[in-house]
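Please look at the sequence and the model below before reading on.

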Amino acid sequence: MNQWLTVENLSKRFGGIHALDSFSCHFGQGEVVGLIGPNGAGKTTFFNVLGGMLPADGGSIRFCSKQLVGQSPHRIAHFGVARTFQNLRLIRQVPVIENVMLAFRHQSGEHLVPLAIRWKKVRAQESENHEKALAILKKVGLLEKADDLADALSYGQQKLLTLACCIASDADLLLLDEPLAGVSPVMIDIVLEKLRELKNAGKTLVVIEHNLEVIMNEFDRVIFMDSGRKVCEGLPDEVRNDPRVIEAYLK
Ligand SMILES: Nc1ncnc2c1ncn2[C@@H]1O[C@H](COP(=O)(O)OP(=O)(O)OP(=O)(O)O)[C@@H](O)[C@H]1O
Ligand SMILES: [Mg+2]
């Protein structure tokens, strides 16, 4: 197993709560890993710390030989990490296509070099990005919604849009926080198909998920966490039958 992303003794406290308590794990490039655990286990906190949205209290995250702990969310995104949020976090009063365009990495317009000198390049890239964004929206089945406000989409479509934003970032590591929660059965199939396409494109996916059928069928490996710690990991079947997992879900 290549140790492409290695997390060691990661800790995060909120007052007296150890949301991450010496949490350690690793991910290999191209893997699709399910991160499971009961409510409050620390799954979202792990994503928040990994993405730099929350500072760690201790520990290390090495990604492609870079240390992510202490880096800003912006830099971590530039290293190739993208995520979706449990509560979506789209820009709701902005058209769907602009949400996707805002997610592109390495945009010329972001730099501080005087725009007057670079305007041609910026304009050309904007038009290229527009085309690329349309292609991504087509891929996720939202092409005809491109000019609608994100707010006007159904909940399932909004989840697809967050996935489109991840695709636009062209990140190698995608952290997906409950991409299927609250989504209709038809939409679940569509989202799962997109996840398989991302895997086939060589992306590494870490997916927080509660749906047992999805956990059993879609993941190469499953990590089970509880109270901020990794309890066990392995093939989906192994984890499902682990007595500690069974007990945690029954308690
Ligand atoms: N910003 C915060 N301030 C204070 N406590 C927090 C904060 N974020 C998370 N917590 C606490 O940290 C613990 C882990 O929360 P987290 O959201 O990471 O769990 P989770 O595994 O994602 O749960 P769920 O399955 O319900 O989404 C919980 O006890 C939660 O109440
Ligand atoms: Mg969560």
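Predicted model: local features only at pLDDT ≥ 70, side-chain atom pairs only at ≥ 80, totals over all residues.

Residues are numbered from 1 along each chain as its sequence is written, chains are lettered from A and ligands numbered from 1 in the order in which they are written, and side-chain values use heavy atoms, with hydrogens and water left out.

A pair of aromatic rings is described by the distance of the centres and the angle of the planes. Rings of Phe, Tyr and Trp (its six-membered ring) pair if their centres lie within 6.5 Å; planes under 30 degrees apart count as stacked, over 60 as edge-to-face and the rest as tilted. The structure holds four such aromatic pairs. In one of them, the ring centres of F23 and F46 are 4.9 Å apart and the planes stand at 65°, so this pair is edge-to-face. The pair links distant parts of the chain, with F23 in strand β2 (residues 17-27) and F46 in helix α1 (residues 43-50), 23 residues apart. Helices (H or I, at least four residues) and strands (E, at least two) are DSSP runs, numbered from the N terminus.

F23 and F46 are buried, where buried means under 20% relative accessible area, exposed over 50%, and partly exposed in between (1.4 Å probe, protein chains only). The rings of F46 and F47 have centres 6.2 Å apart and planes at 45°, so they form a tilted pair. F47 is buried, as is F46. Ring pairs join F23, F27, F46 and F47 into a cluster.

A charge sits over a ring if NZ of Lys or CZ of Arg is within 6 Å of the ring centre and within 35 degrees of the ring normal. The charged end of K66 sits over the ring of F79, 5.0 Å from its centre, and that of K132 over the ring of F104, 4.8 Å from its centre.

Which residues are closest to ligand 1? They are G40, K43, T44, T45 and Q86, among 14 residues that surround ligand 1, counted if a heavy atom lies within 4 Å. An oxygen atom of ligand 1 is 2.8 Å from an N or O atom in the side chain of K43. Helix α1 gives the most to this shell, with three residues.

Key
Polar contact = N/O pair within 3.5 Å; in protein donor to acceptor, adjacent residues only side chain to side chain.
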